[in-house]
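Dear colleague,

Please find below the structure that I am handing over to you. My notes on it follow directly after.

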Amino acid sequence: MKPQPAVRGLRRRALAAAGVALAGFGAAAAGWAQQPGPAGGSVYTCVDRQGRRLTADRPIPECSDREQRVLDQTGAERRRVGPTLTENERAEAEAQRQREAAERARVAEERRRERVLAARYPTRSAHDAERAAVLAQVDDVTAVAQKRVDELLRDRKQLQAELASYGSEPAKAPMALRRQLAEQDEALATQKRFVTSQEAEKRRLNQRFDAELAVLQPIWAAKPQAASASAETAAPLPRH
């Protein structure tokens, strides 16, 4: 007995619905297969302080104080993640970075100063000549000040002789004479302070030139060697 047309229609509709469901499931399964694993397929692994090997799809808190390996889905190492620093450790690391940067800046400044000195004083004689010229200027200024001190002492001696004429009662001396003596004493003290400051300036300059000399001597010593090496490099090969 053949199935009735209505029954055959129901069967066709049921088969069509089942086909659509299977197609949807297949597409969803394909989509799931194409989706990356956790953290883009990365796997974190480490050995904690108890010696346990741990694995996770994200950084492992138990290994925050040590290095963690990051593996791909095949088990190959992609990179390594350093330990997570505490706030104090980060502050110390930043302070260390600043110290290192300051040291690099100091070294760079020293190299710059060395280049400037070497360009200014290419030889020992040039440096000695500069020292002699600068110190001679200080000596000239000091000599002028010392000459003024001698003049003031001479004038003061005359004023003292005039004051001595009043014997044991210098208060009876004219006010003008006493004012001149006070002015002479003040001028004399000023000139002596200036002479002392020039002597200190001369010592400072000598210290500066001595410090420069300590920097320049190795540079001057290296020049003949560099020149000799350049000459050997530039020398033509002997002909056979």
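**Overall picture**

In this predicted model, 17% of the chain's 240 residues count as buried. The accessible surface of the chain amounts to about 17,800 Å², and carbon and sulfur atoms account for 57% of that area. The chain contains four helices and four strands, arranged from the N terminus in the order α-β-β-β-β-α-α-α.

Strand β1 covers residues 43-47, and strand β2 covers residues 53-56. The two strands pair in the antiparallel sense, with four bridges between them. In one of these pairings, Tyr44 has Ala56 of β2 as its bridge partner. Five residues separate the strands of the hairpin, where Gly51 adopts a positive phi near 85°.

**Thr45**

I would draw your attention to one residue of β1, namely Thr45. Its relative accessibility is 5%, and Thr45 therefore counts as buried, the cut-off being under 20%. A polar atom of the Thr45 side chain lies 3.2 Å from the backbone oxygen of Leu54. When neighbours within four places in sequence are left aside, Thr45 is in contact with Arg53, Leu54, Thr55, Ile60, Gln68, Arg69 and Leu71.

With kind regards

Notes: Residues numbered from 1 in each chain as written. Predicted model: local features only at pLDDT ≥ 70, side-chain atom pairs only at ≥ 80, totals over all residues. Heavy atoms only, no water. Buried < 20%, exposed > 50% of the residue type's maximum accessible area, 1.4 Å probe, protein only. Areas by Shrake-Rupley, 256 points an atom, 1.4 Å probe, with all protein chains shown as cover. Polar contact = N/O pair within 3.5 Å; in protein donor to acceptor, adjacent residues only side chain to side chain. Contact = heavy atoms within 4.5 Å. Pairing = 2+ DSSP bridges.
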